[in-house]
Amino acid sequence: IEHMEENITNAYTNKALIEFMLGSRSQYTEHQTPMPALLAIRTRAIQLLEWVAYPPDDDTSVDAMLRASFAFSNETSRAQADALWILGEHYFWGTHGAAPNMTKAYQAYERLARTGNATAHSRLGYMHSSPFLAKVYGFKGSDTDAIVHLALATQEGDWLASNAMGYRLMHGIGTSANCTESLVIFDHLARRSHEVFEQGPPGGRTLPYSKVRLS
């Protein structure tokens, strides 16, 4: 931890911040390489997660995964789903000092989405429709696949996917415009927001007004 703090302190000096604001890059703004011991710990953690997420005797057929996601789920399948989610987020965001890897992130999300996970479908829908991922990481998306994953996540009530799907239907992005269906989705989201607001303290989830007193 002390080594990491020292790297951060050295990386963001006043000179580095000034050069960053001026648009120039220097040695101070380069990514700091973690210590070998930390790299070894991260590698071991990834190995353990992949061992749980992709067991050697795992049945990867769609029927088996659908059965595991419903009535026949057990502790093993839930642990596998958790491991897949952690791996997907790790490779998608590049956590713990690792560089993002869209191929491995997509592999984990796709495997998890086949079990009916709505958030995984939402992530896949974003990956297929993001110009940022296509430009920065070279990820080749598909509007058709984006619509499929967003629609599946919307059916399960995923908040972000529902917003994206409603916007796409309203403007006809990747599909034909359907203002009626878009209105249904946005109306559902508005009702959910109001229900959440009403579940808060009296008066809704708002902070009480502070009393201003003049001395």
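These entries record what I looked up on salt bridges and one surface patch in a predicted model.

**Ground rules.** I number residues from 1 along each chain as its sequence is written, and side-chain values use heavy atoms, with hydrogens and water left out. Since the model is predicted, local features need pLDDT of at least 70 and side-chain atom pairs count only at pLDDT 80 or more, while totals for chains, interfaces and linings use all residues.

**Entry 1: salt bridges.** I searched the whole structure and got 4 salt bridges (a side-chain nitrogen of Lys or Arg within 4 Å of a carboxyl oxygen of Asp or Glu).

**Entry 2: Arg123 and Glu89.** I find a salt bridge here, with 2.9 Å between the closest N and O atoms. Arg123 sits in helix H7 and Glu89 in helix H5 (residues 75-93), so the pair links parts 34 residues apart in sequence. Helix H7 covers residues 118-129; helices (H or I, at least four residues) are DSSP runs, numbered from the N terminus. Arg123 counts as buried because its relative accessibility is 16%, and Glu89 is buried with a relative accessible area of 16%. The cut-offs are under 20% relative accessible area for buried, over 50% for exposed, and partly exposed in between (1.4 Å probe, protein chains only). I also listed the contacts of Arg123 (heavy atoms within 4.5 Å): leaving aside neighbours within four places in sequence, they are Trp85, Glu89, Trp93 and Tyr109.

**Entry 3: Arg168 and Asp143.** I note a salt bridge with its closest N and O atoms 3.8 Å apart. Arg168 is in helix H10 (residues 159-171) and Asp143 in helix H9, so this pair ties together parts 25 residues apart in sequence. Arg168 is buried at 8% relative accessibility, whereas Asp143 is partly exposed at 43%.

**Entry 4: Arg114 and Glu110.** The side chains of Arg114 and Glu110 form a salt bridge at 3.9 Å, N to O. Arg114 is partly exposed at 36% relative accessibility, and Glu110 is partly exposed at 28%.

**Entry 5: nonpolar patch.** I find Tyr126, Phe132, Val136 and Tyr137 in a nonpolar surface patch with about 390 Å² of accessible area together. Patch residues have over 30% relative accessible area and no salt bridge; nonpolar side chains (Val, Leu, Ile, Met, Phe, Trp, Tyr) are joined within 5 Å, like charges within 9 Å. Areas are by the Shrake-Rupley method with a 1.4 Å probe, and for residues only the protein chains shown count as cover. Tyr137 lies in the loop between helix H8 (131-136) and helix H9 (143-155). Tyr137 is partly exposed at 36% relative accessibility.

Methods: Helix = DSSP H or I, 4+ residues; strand = E, 2+ residues; numbered from the N terminus.
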